Amino acid sequence: MGALVNFDYGDTVTVTRPAALNEVGDPTGPPTTHTLDNVAIAWGASRGADATSSVNDRRQSTVTRAQMFCQPGADIRAFDHVRLPDGNDYRVDGQPVAWKN
């Protein structure tokens, strides 16, 4: 595990991990939650004027992408749900990547 990274204004986020599924696709228990401290959040071009939006069946949807930079060894996995300090929820899209320098 690498050295800790200090973000001067890092946030604390809440991670919710869905329960494992049994052979017929039913959850085997309740989801679990934990927090990650000192996380940096970087907003992509999809936030603000360049947001991707569409109108489908008289509904409007907007796709917002964000990147989280966590401490080395952070417990974050594909398909986890992350609640940011502003109360908005996001789903991890793909496998988290460990950066090396």
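Buried residues have under 20% relative accessible area, exposed residues over 50%, and partly exposed residues lie in between (1.4 Å probe, protein chains only). At 75% relative accessibility, tyrosine 9 therefore counts as exposed. The structure is a predicted model, in which local features need pLDDT of at least 70 and side-chain atom pairs count only at pLDDT 80 or more, while totals for chains, interfaces and linings use all residues. Residues are numbered from 1 along each chain as its sequence is written, and side-chain values use heavy atoms, with hydrogens and water left out.

## The chain as a whole

The protein chain has 0 helices and 7 strands. Here helices (H or I, at least four residues) and strands (E, at least two) are DSSP runs, numbered from the N terminus. Along the sequence, the pattern reads β-β-β-β-β-β-β. Of the 101 residues in the protein chain, 15% count as buried.

A contact means heavy atoms within 4.5 Å. Of the contacts in the protein chain with a separation of 6 or more, 52% are between residues 24 or more positions apart.

Two C-alpha pairs link positions that are apart along the chain. Tyrosine 9 lies in the segment before β1; its C-alpha atom is separated by 7.6 Å from that of asparagine 38, 29 residues apart along the chain. Glycine 94 is in the segment after β7 and is partly exposed, with a relative accessible area of 31%.

Glutamine 71 lies in the loop between β5 and β6 and, at 14% relative accessibility, counts as buried.

## Salt bridges

Side chains of opposite charge can pair when their charged atoms come close. A salt bridge is a side-chain nitrogen of Lys or Arg within 4 Å of a carboxyl oxygen of Asp or Glu. A search of the whole structure finds 4 salt bridges. The table lists some of them.

| Aspartate 80 | Arginine 17 | 2.9 Å |

Arginine 17 counts as buried at 12% relative accessibility, and aspartate 80 is buried at 1%.

Aspartate 93 lies in the segment after β7 and arginine 65 in the loop between β4 (59–63) and β5, so the pair ties together parts that are 28 residues apart in sequence. Aspartate 93 is exposed, with a relative accessible area of 58%, and arginine 65 is exposed at 52%.

In the remaining pair of the table, aspartate 89 is partly exposed at 47% relative accessible area, and arginine 83 is partly exposed at 43%.

## Around aspartate 80

Aspartate 80 sits in the loop between β5 (66–69) and β6 (81–83). Its side chain makes a polar contact with the side chain of arginine 17 at 2.9 Å. A polar contact is a pair of N or O atoms within 3.5 Å; within protein, one must be able to donate a hydrogen and the other to accept it, and residues adjacent in sequence count only if both atoms are side-chain atoms.

Leaving out residues up to four places away in sequence, aspartate 80 touches Val15, Thr16, Arg17, Pro18, Asp75, Tyr90, Arg91 and Val92. Arg17, Asp75 and Asp80 are linked in a network of salt bridges.

## The largest pocket

A pocket is found on a 1 Å grid over the protein atoms alone: it is an open set of points where a 1.4 Å probe fits, with protein on both sides within 12 Å along at least five of seven lines, and lining residues have an atom within 4 Å of a point. The largest pocket has a volume of about 1200 Å³, a volume being the space filled by probe spheres set on the points, which are joined across faces, edges and corners.

The lining of this pocket has 34 residues, and Met68, Phe69, Cys70, Pro96 and Val97 lie nearest its centre. The elements that give two or more residues to the lining are β2 (32–43), β5 and β7 (89–91). β5 gives the most, with 4 residues.

By class, the lining has 21 nonpolar, 9 polar and 4 charged residues. Ala, Val, Leu, Ile, Met, Phe, Trp, Tyr, Cys and Pro count as nonpolar, Asp, Glu, Lys and Arg as charged, and the others, Gly among them, as polar.
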